[in-house]
Amino acid sequence: KVMKLSPKAEEVATFFAKMLDHEYTTKEIFRKNFFKDWRKEMTNEEKNIITNLSKCDFTQMSQYFKAQTEARKQMSKEEKLKIKEENEKLLKEYGFCIMDNHRERIANFKIEPPGLFRGRGNHPKMGMLKRRIMPEDIIINCSKDAKVPAPPPGHKWKEVRHDNKVTWLVSWTENIQGSIKYIMLNPSSRIKVRGS
């Protein structure tokens with residue numbers, strides 16, 4: 001039966017649907033981990049109805065995302081140029097910092113969106129939900145006299161540090177392996193080139 005999902009459950013279902021053609025979704029451990037984490041995002045009503053992953057059909061969602069991909073491929077040059085210009089605007093605003101009075105490029109200024117963990121080989125945590133990173137998860141590292149970037153409205157940073165003994169600008173802890181992730185300067189920056 002067709003079922004309208006709550007927003008959280010629907011979002012997690014789309015992560016699986018986008019990978020439907022990938023061999024990951026056929027692996028038992030991936031499916032088990034996904035289903036366990038998906039159920040955590042469901043309402044009680046959804047949990048009562050959706051009790052077996054093998055009875056769920058993600059085909060309609062998968063076809064929707066394939067159509068979206070196809071539509072992007074069919075975009076006109078003007079539409080593609082507009083997206084490129086918007087990306088360049090983001091890069092200009094967020095892709096650089098000032099360090100020792102020099103404008104330096106930031107390597108990875110975008111945080112990875114939520115999705116399903118893949119891992120390498122037959123990783124025991126494959127299929128688990130990689131949670132959305134919120135401002136409250138983020139540690140900002142900048143100079144004492146620097147203007148601290150404002151968090152999105154209604155949010156606050158986990159912490160603001162002024163540690164000049166490290167090279168990272170932003171850090172957070174991801175939920176799957178508990179490892180710390182960083183936003184750093186581009187490998188071509190003065191500090192990276194000098195250190196190598």
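At roughly what angle do the axes of helix 1 and helix 2 cross? In this predicted model, where local features need pLDDT of at least 70, side-chain atom pairs count only at pLDDT 80 or more, and totals for chains, interfaces and linings use all residues, the answer is roughly 165 degrees, with the two axes coming within 8 Å. Residues are numbered from 1 along each chain as its sequence is written, and side-chain values use heavy atoms, with hydrogens and water left out.

Helix 1 covers residues 7–18 and helix 2 covers residues 28–41. Helices here are DSSP runs of H or I with at least four residues, strands are runs of E with at least two, and numbering starts at the N terminus. Axes are lines fitted to C-alpha atoms, for helices over the stretch in contact, and angles run from 0 to 180 degrees between N-to-C directions. The crossing therefore makes helix 1 roughly antiparallel to helix 2 (over 145 degrees; under 35 is roughly parallel, 65 to 115 roughly perpendicular, and the rest oblique). It is also a right-handed crossing, meaning that the near helix is turned clockwise from the far one by less than a right angle. On the helix 1 side, Lys 8, Ala 9, Val 12, Ala 13 and Phe 16 do the touching, and they meet Phe 30, Arg 31, Phe 34, Trp 38 and Glu 41 of helix 2; contact means heavy atoms within 4.5 Å. Sorted by class, that contact of helix 1 with helix 2 comes to 7 nonpolar, no polar and 3 charged residues (nonpolar is Ala, Val, Leu, Ile, Met, Phe, Trp, Tyr, Cys and Pro; charged is Asp, Glu, Lys and Arg; the others, Gly among them, are polar).

Helix 1 has another partner in helix 4 (residues 59–73), with the axes 9 Å apart and an angle of about 70 degrees. That makes helix 1 roughly perpendicular to helix 4. Glu 10, Ala 13, Thr 14, Ala 17 and Lys 18 of helix 1 make this contact with Met 61, Ser 62 and Phe 65 of helix 4. The tally for helix 1 with helix 4 is 4 nonpolar, 2 polar and 2 charged.

As for the overall layout, the protein splits into domain 1 (7–74) and domain 2 (96–195), with bounds from an automatic or database domain assignment. The C-alpha centres of domain 1 and domain 2 sit 28 Å apart, and their contact draws 14 residues from domain 1 and 17 residues from domain 2.

Turning to the strands, strand 1 (residues 96–99) pairs with strand 2 (residues 102–105) in the antiparallel sense over 4 bridges; two strands pair if DSSP finds at least two bridges between them. These strands form a hairpin with 2 residues between them, and Asp 100 in the turn has a positive phi of about 50 degrees. Phe 96 stands opposite Arg 105, while Ile 98 faces Arg 103.

An open sheet is built from 4 strands in the order 6-5-7-8, with mixed pairing. Strand 6 (159–161) and strand 8 (180–183) are its edges, each pairing on one side only, and the twist averages 20 degrees from one strand to the next. Strand 5 (residues 139–141) is antiparallel to strand 7 over 2 bridges, with Ile 139 bridged to Ser 171. Strand 7 (residues 170–173) and strand 8 are antiparallel over 4 bridges, and Thr 173 stands opposite Ile 180. Their hairpin has 6 residues between the strands, including Gly 178, whose phi is positive at about 75 degrees.
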